[in-house]
Amino acid sequence: TVDPYITRATLYYRADSTEEWIEVTSDITIPANAELKLVVNFDKIPLTDLQNSGGLLLCQLPALLRNPTADGVVTDKNGDAIGDVSVNDGTLTIDFYDTWLAEQEASGNTQIGGSFYATSQIDLSAIGEDGEAELILGSVVIKAHFQEDILAKNGTVTLTKTASAQIVESA
């Protein structure tokens, strides 16, 4: 798991796919229709740990991210592609390229660092009634504030009516 090696995580949002990403800070209120982007930086992952795991590194994404997707590659500190990224059932998997891992070993690197990101919709059920949500990745905590009454305005309510059978006795 990447959790112990996460050095930074940043949440961004945009209300329209044509807009620029806006970094979420304590004074930002995220609209309900926003798309989210979570960028995660990691560092000092022992190369031997990666080699022993077949080059796989896993990250459980926060519940706030509904239907997360990844961009397909993970990059190193220089921005070079070093592996593939996929998401399945809320778990992001990084599959580092065997050739890249071999190059790291040959050059004497014993630890690696890099970054990845995932985009998603908002899972309204992960937001508190006060409009607050926390995303926890390793020791990094991101607090996000959503527009007032987000659940009332955008949630889904399912009503079900049940009635017991009526028994009529005739005399």
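In strand β10, Gly114 is the bridge partner of Asp76. This report concerns a predicted model, in which local features need pLDDT of at least 70 and side-chain atom pairs count only at pLDDT 80 or more, while totals for chains, interfaces and linings use all residues. Residues are numbered from 1 along each chain as its sequence is written, and side-chain values use heavy atoms, with hydrogens and water left out.

The protein contains 3 helices and 12 strands; helices (H or I, at least four residues) and strands (E, at least two) are DSSP runs numbered from the N terminus. Strand β10 spans residues 111–122, and because 9 of its 12 residues are buried, the strand is largely enclosed by the rest of the structure. Buried denotes under 20% relative accessible area, exposed over 50%, and partly exposed in between (1.4 Å probe, protein chains only).

| Strand paired with β10 | Sense | Bridges |
|---|---|---|
| β4 (residues 35–46) | antiparallel | 9 bridges |
| β6 (residues 65–70) | antiparallel | 4 bridges |
| β7 (residues 73–76) | antiparallel | 2 bridges |

Individual bridge partners can also be named. Leu38 stands opposite Ala118 of β10, and Leu65 has Ile122 of β10 as its bridge partner.

For the protein as a whole, 36% of the 171 residues are buried. Of the contacts (heavy atoms within 4.5 Å) with a separation of 6 or more, 66% are between residues 24 or more positions apart. The accessible surface comes to about 10300 Å², and carbon and sulfur atoms account for 45% of that area. Accessible areas come from the Shrake-Rupley method with a 1.4 Å probe; for residues, only the protein chains shown count as cover.

Key:
Two strands pair if DSSP finds at least two bridges between them.
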